[in-house]
Amino acid sequence: MWLKAQPTELQWFLDAATTYWEKHLPPQEHHETIVVEAFHQDIRVTLRNLVFANAIRRIRPAHLVVLTGVEPDWRRTLWSGFDVDLVSRVALAFGAGDVLDVYDLVERHRKDPATAPTVAGRRLPMAAPLDETTLTGYADATYCRLAKLPRLPADHATRADHRRRRELGVGLSTVYETLFRAGPVAALVTSHVDYDQWGLAVESARRARVPVIHTQQTGCLKAYGLFPEHDSGTGTFRAELTRQIGEVFAERIWPRRAELHSAAELIAWRAKVNLGRPSWWRGGVTAAVDLSNPTERARLRSHVAARFGFDPARPVVAVFNHAVSDALGTNKELFPSLADWFADTAGYAARRTDAQWLFLDHPSQALYDSTGFFAATAAAHRRHRHLAFHPSTALSKNALWSLVDLGVTVRGSVSNELPAYGIPVIQAGHSEWSACGISTVVEDAGDYWRALDEAIAAAQRGELTVTEEQVRRARLWLWLYRSGSDLVTPLVPQWDVWPATHLLKSMGAAFRHIESDADPLYPAVERMWRNREPMLTRMPLTGGPPDEPAGTAPPAGVPLVGVEAVSPTATIEPPPAVPGADPALPTGAR
């Protein structure tokens with residue numbers, strides 16, 4: 001576990017947490033439970049889950065059950081330092097009534113079918129696992145992730161390691177079905193919704209009509225929620241979330257665009273200069289952009305194009321490879337796998353000599369691929385001079401923004417950031433913001449190829465395929481993601497508060513010295529819980545003045561580009577130093 005703090009600092013933190021939650025949680029009034037997972041090696045992930053669960057317990061007193069454990073494949077691939085005993089100590093300090101080592105329970109049940117979990121002193125009757133189709137889907141996705149494979153091997157069904165993965169999924173599902181079917185469960189709080197150890201719990205919770213809270217690994221405290229009243233049951237957790245986020249955006253954010261304009265422009269400027277997290281798909285100096293006008297962009301474009309053997313006067317399409325083994329099948333995807341999408345797009349690009357193509361790998365490619373997939377795809381197209389394959393870290397944002405006329409991705413964050421600065425994006429899959437009207441989201445493979453045809457033809461004519469509305473929507477999404485839905489509370493330090501000693505000292509100080517009666521955590525969680533909202537927010541997303549009718553100019557002093565002015569790499573100047581002034585948005589066509 002990534003918690004190499006000094007023993008005295010750790011004990012001081014555990015003592016402070018124990019005292020705080022003993023005094024701030026009401027007595028349990030009934031036998032309801034809240035289930036929290038603690039499978040991640042990073043302590044910051046577990047702490048977010050525990051804090052959110054305890055905020056629910058303030059309004060819904062319940063017995064806290066923490067699930068933890070690690071098995072050899074996860075330990076070998078990612079969790080080399082996982083410490084179950086340390087997880088248990090932290091969970092107990094946060095008021096957990098039971099800490100279950102799920103993998104130990106699965107193994108004991110395999111050896112002795114009479115073995116069953118005990119929760120709140122009650123031995124639960126073992127239930128049957130989920131259906132074969134669901135179990136197979138999670139086994140396949142987890143197998144690819146842990147082996148870092150872009151696709152399932154042709155002989156996977158006969159492989160011993162895949163059979164073991166499948167059997168383990170059956171054991172996990174049996175435990176999860178037992179927990180969620182045996183008694184009243186108020187909520188599942190989880191950091192992930194994919195792969196067998198997390199995803200099968202989410203499946204069981206949804207089928208038992210239990211709310212699922214999905215915390216995020218960024219910002220201070222961010223969380224999404226899927227409540228049974230709003231769960232259509234027709235898609236995956238992520239697909240349901242995409243739909244509900246789109247509804248919130250359409251009903252509560254977009255109508256307030258004039259009111260939120262200044263804040264959205266400030267967030268767009270901060271994202272441009274890499275202030276605050278998350279910041280696109282990598283951090284560091286290469287993530288900052290200081291282009292200020294079209295002249296600067298044109299000069300840099302010529303330089304960057306020469307580096308890659310491109311003609312700066314011809315369209316350049318950038319294709320962003322996603323982490324190819326990451327959470328396969330968890331949202332709507334148009335191709336059998338992320339690898340199929342990338343390889344098929346490269347094949348299409350090879351035939352489209354009327355455009356220039358820049359294929360970029362994922363910055364964490366090595367963590368998701370053990371097969372050399374990106375390099376093999378590049379080698380297969382070595383003879384095509386209008387295609388270039390490069391590591392994403394080989395380009396700064398300055399270089400990339402000066403060069404790209406069209407972005408293409410499947411579900412990565414480039415699909416919400418590039419449009420915010422005037423670069424159109426086509427998505428061959430869905431992400432959480434895909435229903436917010438930011439990028440061109442296609443619904444099937446045929447539409448994908450047609451969208452590429454149309455975008456390339458438009459770029460050749462010098463026409464822009466990103467609209468003023470998409471730019472505004474993208475910037476409002478940046479505000480919602482980085483500000484509106486990022487709750488700042490002293491009980492959860494910002495993600496970048498690290499190393500562990502600093503993190504524990506900060507949280508311990510909050511537990512000991514900051515009074516809870518004005519902590520924004522509790523009313524925010526209660527608002528989300530009572531209203532059954534799909535995301536935690538800093539403030540209610542209702543009320544406020546209605547926005548101007550379509551086509552009406554924004555408020556005086558808040559310039560907004562027109563459609564004809566939105567261009568690839570629409571840039572933002574730093575906010576003026578004059579108090580109360582709004583950040584300006586100078587743009588211009590290439």
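In the predicted model, helix H1 (residues 7-24) packs against helix H4 (residues 84-93), the two axes lying 8 Å apart and meeting at an angle of about 35 degrees. On the H1 side, the contact is formed by Leu-10, Gln-11, Leu-14, Ala-17, Thr-18 and Trp-21. These residues meet Leu-86, Arg-89, Val-90 and Ala-93 of H4. By class, seven of the residues in this contact are nonpolar, two are polar and one is charged. In an α-helix, residues three or four places apart point the same way, because each turn takes up 3.6 residues. The H1 positions 10, 14, 17 and 21 are among those in the contact with H4.

Buried positions in H10 comprise Arg-257, Leu-260, His-261, Ala-264, Glu-265, Ile-267, Ala-268, Trp-269, Ala-271 and Lys-272. The charged residues Arg-257, Glu-265 and Lys-272 are thus included among the buried positions of this helix. The packing partners of the buried H10 residues are helices H9 (237-253), H14 (397-403), H15 (414-420) and H17 (468-484).

Across the chain as a whole, 19 helices and 14 strands are assigned. The chain comprises 590 residues, of which 59% are buried. Of the contacts between residues at least 6 apart in sequence, 75% join residues at least 24 apart.

Terms used: Residues are numbered from 1 along each chain as its sequence is written. This is a predicted model: local features need pLDDT of at least 70, side-chain atom pairs count only at pLDDT 80 or more; totals for chains, interfaces and linings use all residues. Side-chain values use heavy atoms; hydrogens and water are left out. Helices (H or I, at least four residues) and strands (E, at least two) are DSSP runs, numbered from the N terminus. Buried means under 20% relative accessible area, exposed over 50%, partly exposed in between (1.4 Å probe, protein chains only). Contact means heavy atoms within 4.5 Å. Axes are lines fitted to C-alpha atoms, for helices over the stretch in contact, and angles run from 0 to 180 degrees between N-to-C directions.
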